[in-house]
Amino acid sequence: MSNGYIINTNQKSYTNCEPEMIQGEKCAAYYTPWKEGIDKIKANDLIFLYSNEVGIIARGVASGICEIKDFNGGTDEEHYMELDRFKKLVIPFKSSEINATLGKNVVLSGTQRKIDYDDGLKIWQRITKNYL
């Protein structure tokens with residue numbers, strides 16, 4: 001069964017990560033233990049890229065193929081996955097909107113937040129109607 005994931009763009013630690021994710025139409029995580037989270041994403045999972053203090057800034061559907069590359073001088077420190085049906089949002093989808101859409105408080109601390117597919121679909125549909 002598919003899931004949804006809200007993935008932090010790592011903007012606070014490395015300012016080049018977020019633009020690279022947008023340009024590359026991918027989700028990514030760096031260093032252990034965070035990079036291993038990308039390995040768990042399956043084909044057709046709904047992915048939302050989240051920028052701290054901004055909100056969801058892009059979305060896509062996971063390809064299911066995790067790729068690995070060097071990052072910031074470290075060998076194999078970036079795990080990433082290309083996203084199909086990738087769209088950058090015109091207006092960020094704030095965390096308060098996530099909570100309102102799902103009717104519950106979603107804590108967005110950490111690199112990756114797994115959510116139920118049905119919740120991901122609600123966010124996907126709300127973004128489609130109001131944020132693209």
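The dialogue below takes up the sheet, the helices, the cores and some single residues.

Tutor: This is a predicted model, in which local features need pLDDT of at least 70, side-chain atom pairs count only at pLDDT 80 or more, and totals for chains, interfaces and linings use all residues. Residues are numbered from 1 along each chain as its sequence is written, and side-chain values use heavy atoms, with hydrogens and water left out.

Student: What makes S2 and S6 the edges of the sheet?

Tutor: The open sheet has 6 strands in the order S2-S5-S4-S3-S1-S6, with mixed pairing. Strand S2 (26-30) and strand S6 (112-116) each have a single partner strand, so one side of each lacks a neighbour in the sheet. From one strand to the next, the twist averages 35 degrees. Strands here are DSSP E runs of at least two residues, helices are H or I runs of at least four, and both are numbered from the N terminus.

Student: How do you know that S3 and S4 pair?

Tutor: Pairing requires at least two DSSP bridges between two strands. S3 (residues 46-51) and S4 (residues 55-71) have 6 bridges, in the antiparallel sense. Ile47 has Gly60 as its bridge partner in S4, and Leu49 stands opposite Ala58. The two strands form a hairpin with 3 residues between them, and Glu53 in the turn has a positive phi of about 60 degrees.

Student: How many bridges join S1 to S3?

Tutor: There are 5, and the two strands run parallel. Ile7 has Leu49 as its bridge partner in S3.

Student: Why is S3 called mostly covered?

Tutor: Buried means under 20% relative accessible area, exposed over 50%, and partly exposed in between, with a 1.4 Å probe and protein chains only. In S3, 6 of its 6 residues are buried. Leu46, Phe48 and Tyr50 point one way, Ile47, Leu49 and Ser51 the other. In a regular strand the side chains alternate between the two faces of the sheet.

Student: Which residues touch the most other members of the largest nonpolar core?

Tutor: A nonpolar core joins buried Ala, Val, Leu, Ile, Met, Phe, Trp, Tyr and Cys residues through side-chain atoms within 4.5 Å. Of the 21 residues in the largest one, Ile7, Cys27, Ile38, Ile41, Ile47 and Leu49 touch the most other members. S1, H1, S2, S3, S4 and S5 each supply at least two of its residues. Another core, of 17 residues, lies apart from it and includes Ile6, Ile98, Ile127 and Tyr131.

Student: Why are H3 and H4 called oblique?

Tutor: Their axes come within 10 Å and cross at roughly 120 degrees. Axes are lines fitted to C-alpha atoms, for helices over the stretch in contact, and angles run from 0 to 180 degrees between N-to-C directions. Under 35 degrees counts as roughly parallel, over 145 as roughly antiparallel, 65 to 115 as roughly perpendicular, and the rest as oblique. H3 and H4 are therefore oblique.

Student: Which residues meet there?

Tutor: Glu97, Ile98, Thr101 and Leu102 in H3 meet Asp119, Lys122, Ile123 and Arg126 in H4. Contact means heavy atoms within 4.5 Å.

Student: Is Asp119 buried or exposed?

Tutor: Asp119 has 8% relative accessibility, so it counts as buried. Beyond its neighbours within four places in sequence, Asp119 is in contact with Leu102 and Lys104.

Student: Is Ile65 buried or exposed?

Tutor: Ile65, in strand S4, has a relative accessible area of 54%, so it is exposed. Leaving aside neighbours within four places in sequence, Ile65 is in contact with Tyr80 and Met81.
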